[in-house]
There are 2 protein chains.
Amino acid sequence: MIKVSILGTGNVATHLFKAFSSSEEIEIIQVVGRNTKALLAFGHNTNTTSNFTDLKVSDIYIIALSDNSIKTVSEQLTKNNALIVHTSGSTPMAELSKHKRHGVFYPLQTFSKTTEVDFKKVPICLEAKKKEDMALLKKLANLVSNYSYEIDTEQRKSLHLSAVFVNNFTNHLYQMGSDLCKEHNVPFKILSPLIQETARKIETLSPFDAQTGPARRGDSKTITNHLEQLKNPEFKAIYKLLSKSIQTTYGKKL
Amino acid sequence: MIKVSILGTGNVATHLFKAFSSSEEIEIIQVVGRNTKALLAFGHNTNTTSNFTDLKVSDIYIIALSDNSIKTVSEQLTKNNALIVHTSGSTPMAELSKHKRHGVFYPLQTFSKTTEVDFKKVPICLEAKKKEDMALLKKLANLVSNYSYEIDTEQRKSLHLSAVFVNNFTNHLYQMGSDLCKEHNVPFKILSPLIQETARKIETLSPFDAQTGPARRGDSKTITNHLEQLKNPEFKAIYKLLSKSIQTTYGKKL
């Protein structure tokens, strides 16, 4: 049985809590958060506290707080013999170095309160200062997910940056597609199968091989037509820059 | 029984051929293409020709050729009483106006030769000069897909443009993510669940509500860190422009 306490009450904390609760090998000792109202959402059977210096004994303390709070909160913790980890993609493991035993437990997925996530499919990126703590983190990760990876701070930083491209920026392209549809009274849902297929394709093809479209073909006539269609100068600039970047990738000049 | 001839041997022609072949209500009369080698791929039981002026009698002739060839090829056709349609997202229906009966049969999906597509889920965008031809196209579309829409030339143009954003540009963001992973020896497949979830999310949430990340939060510290990490000036420019555009969307200033 692994005894775990969660520090935080946000999206990541909530999804971790659900995932841990579903395993019989994990005991959630405590949920800790400043926001007493948010703590109520963890249910009557959960021990909660808003006092970060009054923590019960656990094997692992998981800091699932905003990047800015990790260092400060971790330095308040007096549990010097326990394993302290954070869940952040962009924060170095070394920010926890006040504690002898420290590491990272970073679930690489987009979490929102309203959407259910199949945690078994969430990749968990692990880092630990000590070898034996990596073994413990792996054990914990494998109880809730089918995918765990040893990832050091530099690698995790590049994953976090890549995630901005494939998640935040991709979603913004969906947003722009949706705006363009709205302009001409076309239901955005017509594009949904294309969006799903675009994502599905890279399960079997590399993005390099999966690319199609006017920029890939060097079809300057269509590109010119599209730029004429675009009224919003920001959309126009994004269209130009991404088309140019695709052409750089495939060595085509217009 | 609807009698159909396909003009073209590329990706769209191939996927239409497969979809039509699977319906007992559709008879494929002929496949027409300049490339005799490509015609062989349609099998021994298919009547094929490379002579565009020697066509057998059909109810509908489907021009699945590159945008640049549609007008020229359609003007060579002497079948003035049949329905002539093209399959292009960006070509006006009027380019077929030499023919009394003309229209558009545009399957909005990304097709590649190696990837199987479930045609039942492909949205078909239909346009027809005459009302009774719209009925015929709807009948044909409903035999192969669960989703058909009446979409005029202007709407189709905006769908085609949106498709470049949600498909070509999105795939290019995957490509950039993959490059960033490669730089730090991280397997790109770690990002695959995130990519799938990003696409899946907009089945239930609008892209506006689904957005997360540093630009959405106005987290300038993370944005500065990311820009420092990016070595490639093109990637840097894309990161800046898309972050700025997200901030415009949510009215945040950095």
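Me: Leaving aside its neighbours within four places in sequence, which residues is B:Val166 in contact with?
Reply: This is a predicted model. In it, B:Val166 is in contact with A:Leu173, A:Tyr174, A:Gly177, A:Leu191, A:Leu194, A:Ile195 and A:Thr198.

Me: Where is B:Val166 found in chain B?
Reply: B:Val166 sits in helix H5 of chain B, residues 153-183.

Me: Is B:Val166 buried or exposed, and why?
Reply: Buried, because 27 other C-beta atoms lie within 10 Å. The cut-off for buried is 20 or more.

Me: What separates the C-alpha atoms of B:Val166 and B:Ala199?
Reply: A gap of 9.9 Å, and the two are 33 residues apart along the chain.

Me: Back to the two chains. How many residues does the contact take from each?
Reply: Chain A gives 76 residues and chain B gives 76 residues.

Me: Which helix of chain A brings the largest share of its side?
Reply: H5(A), with 26 residues. Other helices of chain A supply at least two residues each, including H6 (192-201) and H10 (233-250).

Me: How do the residues on that side of chain A divide?
Reply: Into 36 nonpolar, 30 polar and ten charged.

Me: New topic. What domains is chain A divided into?
Reply: Domain 1 covers 2-151, and domain 2 covers 156-250. Their centres, taken over C-alpha atoms, are 35 Å apart.

Me: How many residues does the contact take from each domain of chain A?
Reply: Nine from domain 1 and six from domain 2.

Technical notes. Residues numbered from 1 in each chain as written. Chains lettered and ligands numbered in written order. Predicted model: local features only at pLDDT ≥ 70, side-chain atom pairs only at ≥ 80, totals over all residues. Contact = placed C-beta atoms within 7 Å. Helix = DSSP H or I, 4+ residues; strand = E, 2+ residues; numbered from the N terminus. Nonpolar A, V, L, I, M, F, W, Y, C, P; charged D, E, K, R; others polar. Buried ≥ 20, exposed ≤ 12 C-beta atoms within 10 Å, placed from the backbone. Domains from an automatic or database assignment.
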